[in-house]
Amino acid sequence: MEAVAQSSRLPRMIETASSSTANSDVIFDEDLIRRYDIAGPRYTSYPTAPQFHENYNERCYRDNVHDSNGDLIPRPLSLYFHLPFCAHVCFYCACTKIITANRSRADAYVDYLVRELHMHAKLFDEDRHVSQIHWGGGTPTYLRPESITRLMTETRRSFRMEGDDTGEYSIEIDPREASAETISLLRRLGFNRLSVGIQDFDPLVQTAVNRLQSYEDTAAVIHAARDWGFRSVSVDLIYGLPHQSVAGFSRTLDRTLELEPDRIAAFNYAHLPHRFKSQRRIDDSKLPTAEQKLALFGQTVEQLTAAGYVYIGMDHFARPDDELAVAQREGLLHRNFQGYTTHGDCDLVGIGMSSIGIMGDSYHQNVRDLEEYYRRIDAGRIPIFRGFQLCPEDLLRRDIIMSLMCNFRVEFDHLERKYGFRFTDFFATELQKLDDMQEDGLLQINENGIIINPLGRLMVRNICMVFDTYLEQNQNTVFSRTI
């Protein structure tokens, strides 16, 4: 059955890649990339996390939930669960994580997650359904099967979930911590999307970052997901790791394409050993140079678009028939703390240590220390320690930045009707700053709006930064490179 599925899919990819529009979605210009490759936000939110403050607390969150319940058409809900535990440390990792071989610690953590889940559930009207769930980490499948089952069962008891598999219920998978039995359990519990970590298939690279993971183990997990009817499989790669070369990473890309994922995220490794202790174990002398890293990125763009994948933006590629690609073509794509999504109409509830959520016109984040997280739950408190309430101008600028990030364009008329202003007058300074980018061919500005050209799509973060009024306040914040 698997051989038939692969052979029937491959010709469609080749046909798509040979079409006249396949490679016009993004253009890789090495000279322009060098000029625009500066540090800047990734815009999973606007304003970005450095603007969060502790004056926003649990009481603010409760008030925002109350207001959200009162909306004429209440928004659906998205639930994010942060599962921080891992059996082994990956040296490149910058996530909030806890490395331990003692799996009973994760069982205890699930007890607290369930208690927090119940606190949130009491705040929401019963008719608000959950259209999206995401388990991130850490390694969610580090949990014992009993704990996985318990957490998903309690979620169904606490919230109104979709009963017909139309919800987007996803989980991050480490193939070293999953098996075909794990995949079948997840599907039976209602998960229908997988995000599989790969990073690189080269054993030398894997050894250097302490993540030994065979192609066979990875393929087994993905094939099991196909057999069990998962609606989508995405994979994560990282370029810029020690010992990587264009030829070697090209082989990883080839092997990844053999697995036919629906989505591919190829992330730029940011080496910040002063901030992330585990990165100090990486030998700096083995990292690719800036020139080599740029070549790795160029090879990734060329190889994936040639295989028929659409460049969605910000390191993400998708098959042309994937929901992300369809939503982008229709101008309906959104972006939040989990990345690109078709569920931008949701209120996002963050559950677990360090998790971030969105409630109405506000952001909220839980405490990042495990013991403090436990103390607040024991005290009967939702463990929110900071957040941000957006003002009307923040909402306007967020709409602009998210439209650029997701759909590569801004329509003046739509925003003018929504906010009651004249775009070219209010943003005269910003439009003047975009003139140089227009001369470089990155974008077009006309009487109807701003359109990012294929040449400028890789520089979308730079374009968004023009509309970010908080950048001057964040001069001491360390951001990743924009490209």
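## Residues with positive phi

Glu-260 lies in the loop that connects helix 9 (246-258) to strand 9 (263-268). In this predicted model, the residue has a phi near 50 degrees, a positive value in a residue other than glycine. Most residues other than glycine have a negative phi. Glu-260 has a relative accessible area of 7% and is therefore buried, the cut-off being under 20%.

Asp-165 also has a positive phi, of about 70 degrees, although it is not a glycine. This aspartate is placed in the loop between strand 5 (160-161) and strand 6 (168-173). Its relative accessibility is 28%, so Asp-165 counts as partly exposed.

## Cis peptide bonds

Most peptide bonds are trans. Two exceptions are described here. The bond that runs from Tyr-46 to Pro-47 is cis, and its omega is near -10 degrees. Pro-47 belongs to the loop between helix 2 (30-36) and helix 3 (58-69).

A cis peptide bond is also found between Gly-137 and Gly-138, with omega at about 10 degrees. Gly-138 sits in the loop that separates strand 4 (129-137) from helix 5 (145-158).

## Packing of helix 9 against helix 10

The crossing of helix 9 past helix 10 is right-handed.

On the side of helix 9, the contact is made by Val-246, Phe-249, Ser-250, Leu-253, Asp-254 and Leu-257. Helix 10 contributes Ala-295, Leu-296, Gln-299, Thr-300, Gln-303 and Leu-304. Sorted by class, the contact between the two helices comprises 7 nonpolar, 4 polar and 1 charged residues.

Where does Tyr-239 lie, and is the residue buried or exposed? Tyr-239 is part of strand 8 (residues 232-239). With 2% relative accessibility, this tyrosine counts as buried, because the value falls under 20%.

Apart from neighbours within four places in sequence, Tyr-239 is in contact with Gln-244, Phe-249, Ala-266, Phe-267, Asn-268, Tyr-269, Lys-293, Leu-296, Phe-297 and Ile-483. Among these partners are Phe-249 and Leu-296, which also take part in the contact of helix 9 with helix 10. Asn-210 is 29 residues away from Tyr-239 in sequence, and the C-alpha atoms of the two residues are 16 Å apart in space.

## Cysteines

How many disulfides does the structure hold? The number is 0. Cys-90 is in no disulfide, and the nearest cysteine sulfur, that of Cys-93, is 6.4 Å away. Cys-90 is buried, with a relative accessible area of 9%.

Cys-391 is likewise in no disulfide; the nearest cysteine sulfur belongs to Cys-60 and is 15 Å away. Cys-391 has a relative accessible area of 34% and is partly exposed.

Terms used: Residues are numbered from 1 along each chain as its sequence is written. This is a predicted model: local features need pLDDT of at least 70, side-chain atom pairs count only at pLDDT 80 or more; totals for chains, interfaces and linings use all residues. Side-chain values use heavy atoms; hydrogens and water are left out. Helices (H or I, at least four residues) and strands (E, at least two) are DSSP runs, numbered from the N terminus. Buried means under 20% relative accessible area, exposed over 50%, partly exposed in between (1.4 Å probe, protein chains only). A disulfide is a pair of cysteine sulfur atoms within 2.5 Å. A crossing is left-handed if the near helix is turned anticlockwise from the far one by less than a right angle, and right-handed if clockwise. Contact means heavy atoms within 4.5 Å. Ala, Val, Leu, Ile, Met, Phe, Trp, Tyr, Cys and Pro count as nonpolar, Asp, Glu, Lys and Arg as charged, and the others, Gly among them, as polar.
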